[in-house]
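Subject: A structure for you to explore

Hi there,

Here is the structure I promised to pass on to you. Have a look at it first, and then read on for what turned up.

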Amino acid sequence: APPVGHYVGCDSPPRTASTHALLAWFDSVHNCSAPLSSSYSRCPSGTCEGLLCSHTLYMSDRCWNPRAVCALALGSASGLRDCSPPLLVVQGAPEAAGTNFWANQYVTVLGPAAAMGVTANTSFADGLRLHLGMPVLNFGLPAASPKVYTHRLAYQPGLSAVLAQSAVVVIVLMAARSSPNNAASGPQAVDALDVRLRKSDPARAAALRNESMRNAHNDYVELAHAIRSASGTRVSPKIVLLWMSSALL
């Protein structure tokens with residue numbers, strides 16, 4: 001059977017303390033002018049699918065750990081008939097171009113900054129890759145919520161296909177603060193609101209936090225259902241919800 005996909009190539013940010021240099025590199029990748037640009041030429045739209053497309057990669061954060069951004073091209077085994085833009089993943093070291101990943105022989109990781117390796121010397125996904133000796137595709141996103149991934153599965157057929165054919169999908173627990181309530185929908189807004197309400201209206205603050213918790217619970221159920229539904233007649237991947245309570249610096 002053909003592989004689900006393969007690595008097209010990887011690019012690494014400059015090892016510098018200069019925020020300007022890091023942001024310049026980020027813009028070059030987003031604008032398809034970095035070495036990864038060749039991976040976009042296969043699709044007329046010239047666009048990417050993944051975390052860099054929506055400017056959601058920590059580039060100014062000194063605790064940002066992943067040191068390579070890699071493009072994945074999907075093959076016929078992915079089930080996609082039309083040209084699909086490459087998916088982008090983050091990892092600690094580049095992967096050789098042409099490296100294949102096969103159905104039920106790789107792991108995918110979803111989650112917030114903790115999944116990417118922020119505040120850790122080695123990201124969870126990289127540690128898992130070394131321990132298992134198999135491809136681990138890290139689709140972590142900063143400040144992610146389960147709903148973010150549910151939306152992405154709806155409009156990114158490439159991501160849906162890759163998750164559906166994983167042996168295991170690891171979902172790193174995401175903070176409920178990133179799930180909406182009837183007063184706010186973004187983590188900064190929730191944080192600011194929480195600070196104000198804790199001082200002026202603790203009961204209202206508690207109600208909003210509980211609402212976000214309930215929404216997060218429902219969104220996890222919805223995400224698991226979306227992943228399994230994408231599997232179609234294939235055996236659905238195992239889904240593991242991982243709690244990460246601390247990071248060793």
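How many disulfides does the count come to? The count comes to one. Please keep in mind that this is a predicted model. In case the term is new to you, a disulfide is a covalent bond between the sulfur atoms of two cysteines.

The two partners here are Cys-10 and Cys-70, with sulfur atoms 2.0 Å apart. Cys-10 belongs to strand 1 and Cys-70 to strand 3, so their bond ties together parts that are 60 residues apart in sequence. The link of Cys-10 and Cys-70 is right-handed, with 105° about the S-S bond. Cys-70 itself is buried, and its relative accessible area is 0%.

Next, the nonpolar cores. The largest one has 27 residues, and the members that touch the most others are Leu-72, Phe-101, Leu-110, Leu-137, Phe-139 and Val-162. Several elements supply at least two residues each to this core, among them strand 1, helix 4, helix 5 and helix 7. Strand 3 gives the most, with four residues.

Leaving aside neighbours within four places in sequence, Val-162 is in contact with Leu-74, Leu-87, Phe-101, Tyr-106, Thr-108, Leu-137 and Phe-139. There is also a second, separate core of eight residues, including Ala-115, Ala-125, Val-136 and Val-170.

Helix 3 covers residues 124-132, and its buried residues are Ala-125, Asp-126, Leu-128 and Arg-129. Why are these on the same side of helix 3? They cover an arc of only 160° around the axis, which puts them there together. What do the buried residues of helix 3 pack against? They pack against strand 4, strand 6, helix 2, strand 7 and strand 8. The face turned away from the buried side of helix 3 carries Leu-130 and His-131, which are exposed. Just after helix 3 comes Gly-133, with a positive phi of about 65°.

Now for helix 4. Its buried residues are Pro-146, Tyr-149, Thr-150, Arg-152 and Leu-153. These residues cover an arc of only 160° around the axis, which puts them on the same side of helix 4. On the other side of helix 4, Ala-154 and Tyr-155 are exposed.

Happy exploring!

Best wishes

Terms used: Residues numbered from 1 in each chain as written. Predicted model: local features only at pLDDT ≥ 70, side-chain atom pairs only at ≥ 80, totals over all residues. Heavy atoms only, no water. Buried < 20%, exposed > 50% of the residue type's maximum accessible area, 1.4 Å probe, protein only. Arc of directions from axis to C-beta. Contact = heavy atoms within 4.5 Å. Core = buried A, V, L, I, M, F, W, Y, C linked by side-chain atoms within 4.5 Å. Disulfide = S-S within 2.5 Å.
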